[in-house]
Amino acid sequence: MAQGVGPLVFPQRLAEGNCSPHENQQMKSVCLCTIHQQVQIRHVFEQAYAALEKAGIRAVVLKGVGLAALYDDPSQRAWSDIDLFVGKNQYHPACAVMRETFPKALKFDEELDHYKHYNLIADGVSIEVHRVSVGLVHPHDIRRYEPFESYGMAHACEMKYQDASFLVPEPTFNAFFVFLHAWEHMLSKGANARQLYDLTVLLHRYKDQVDQPRLKHYLQALCLMDVWQLFMAILVHHLELPQDEAPFYTPKVESRAEHLWQDLLAQRLVAPKANEPTPATNRFVRKWHTMRERMANADRINTYSPAYARHMRAAILLSGMKRLFAKDRHWE
């Protein structure tokens, strides 16, 4: 359950019939709760998607139901929120549509242009309206990622889930995005095995649609090829992805990949926090404290990917200088 794959694993465990009655009851309960939760979320999702369509706003579904539809049995992929990418130009109108569609929703007023998404909770379901798909730090990464995102969303393809039809990102970009989202979690609040299994299922389903030269360009542009290869080693050796469906797989990274996998299973992929409280008065001292914390995180990542750790350190310095001398700092 901690790894997010209970609904995926439990049906097989139940079929094996070698668990205690109490364990069987617990696993059945999880599977039934997941199905019930998906029915509730799907109802809210259809309302939200239809409202945006009616308003002439084109939304692309990220993660969640778009990935569940790729599984042999969608109920085996748990999803708890709704992520709708609308882009920067449609961001504010889309937020307004969501507020109008769900007037009783718990709302968050921070609809600011530097945020990754706007969030509200309707009928107990979190809806995230995305102006961008990921939150990058390195200024060069942000600039390079934008055309990749634009292409992936402009060439979105139709996905069907039961009797619902919606748009999901173009296959090559979707693979890159799902990978990047998992890595983003590893860099910050931690990740789980479900995110890697999502990538496994996606690469298997899209094995004939992934444009490898374009994917290689995406990875190299953001200094992520080494990290991608770590993921591919894990997918091949632990999640049963055929090697010929794992782009750029190499055995050279296997020891580091195994280290990453074991730390993920042990839930050791959480960014470090400084022990002392952040000073609240002197802004320069506060910035120094934040930079030390982020550099400690880069040291953590260095044990898995020294190449990306170097990239992180450059991003921390460049982003820190930009924020330190920015004229508009209302977001601090």
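With which residue does aspartate 226 form a salt bridge, and how far apart are the closest N and O atoms? In this predicted model, in which local features need pLDDT of at least 70, side-chain atom pairs count only at pLDDT 80 or more, and totals for chains, interfaces and linings use all residues, the partner of aspartate 226 is arginine 256, with the closest N and O atoms 2.9 Å apart. Residues are numbered from 1 along each chain as its sequence is written, and side-chain values use heavy atoms, with hydrogens and water left out.

A salt bridge is taken here as a side-chain nitrogen of Lys or Arg within 4 Å of a carboxyl oxygen of Asp or Glu. Helices (H or I, at least four residues) and strands (E, at least two) are DSSP runs, numbered from the N terminus. With buried defined as under 20% relative accessible area, exposed as over 50% and partly exposed as in between (1.4 Å probe, protein chains only), aspartate 226 is buried at 16%, whereas arginine 256 is partly exposed at 23%.

Over the whole structure, the search finds 16 salt bridges. One of them joins arginine 77 to aspartate 198, the closest N and O atoms being 2.6 Å apart. Arginine 77 is buried, with a relative accessible area of 5%, and aspartate 198 counts as buried at 3%. Another salt bridge is formed by arginine 42 and glutamate 46, whose closest N and O atoms are 2.8 Å apart; both residues lie in helix 2 (residues 21-54), four residues apart, which is about one turn of the helix. Within this pair, arginine 42 is buried at 15% relative accessibility, while glutamate 46 is partly exposed at 33%.

Aromatic contacts were assigned by pairing rings of Phe, Tyr and Trp (its six-membered ring) if their centres lie within 6.5 Å, with planes under 30 degrees apart counted as stacked, over 60 as edge-to-face and the rest as tilted. By this rule the count comes to 13 aromatic pairs. Phenylalanine 148 and tyrosine 218 form a tilted pair, at 4.4 Å centre to centre and with 35 degrees between the planes. This pair links distant parts of the chain, with phenylalanine 148 in helix 5 (residues 139-154) and tyrosine 218 in helix 8 (residues 212-221), 70 residues apart. Phenylalanine 148 counts as buried at 7% relative accessibility, as does tyrosine 218 at 2%. Tryptophan 183 and tyrosine 308 form an edge-to-face pair, at 5.6 Å centre to centre and with 80 degrees between the planes. Here too the pair links distant parts of the chain, tryptophan 183 being in helix 6 (residues 171-187) and tyrosine 308 in helix 12 (residues 306-324), 125 residues apart. Tryptophan 183 is buried, with a relative accessible area of 1%, and tyrosine 308 is buried at 8%. Ring pairs link residues into a cluster whose members include Tyr145, Phe148, Phe176, Trp183, Tyr218, Phe231 and Tyr308.

A nonpolar core is a set of buried Ala, Val, Leu, Ile, Met, Phe, Trp, Tyr and Cys residues joined through side-chain atoms within 4.5 Å. The largest such core has 100 residues, and those with the most contacts inside it are Ile127, Phe176 and Phe231. Helix 6 supplies the largest share of this core, eleven residues. Contact being defined as heavy atoms within 4.5 Å, isoleucine 127 is in contact, apart from its neighbours within four places in sequence, with residues including Val44, Ala48, Ile82, Leu84, Met98 and Phe102. A second, separate core of five residues includes Phe10, Cys19, Met27 and Cys31.

Proline 7 has its place in helix 1 (residues 6-16) and counts as buried at 6% relative accessibility. Neighbours within four places in sequence left aside, proline 7 is in contact with Val30, Cys31, Thr34, Ser75, Gln76 and Ala78.
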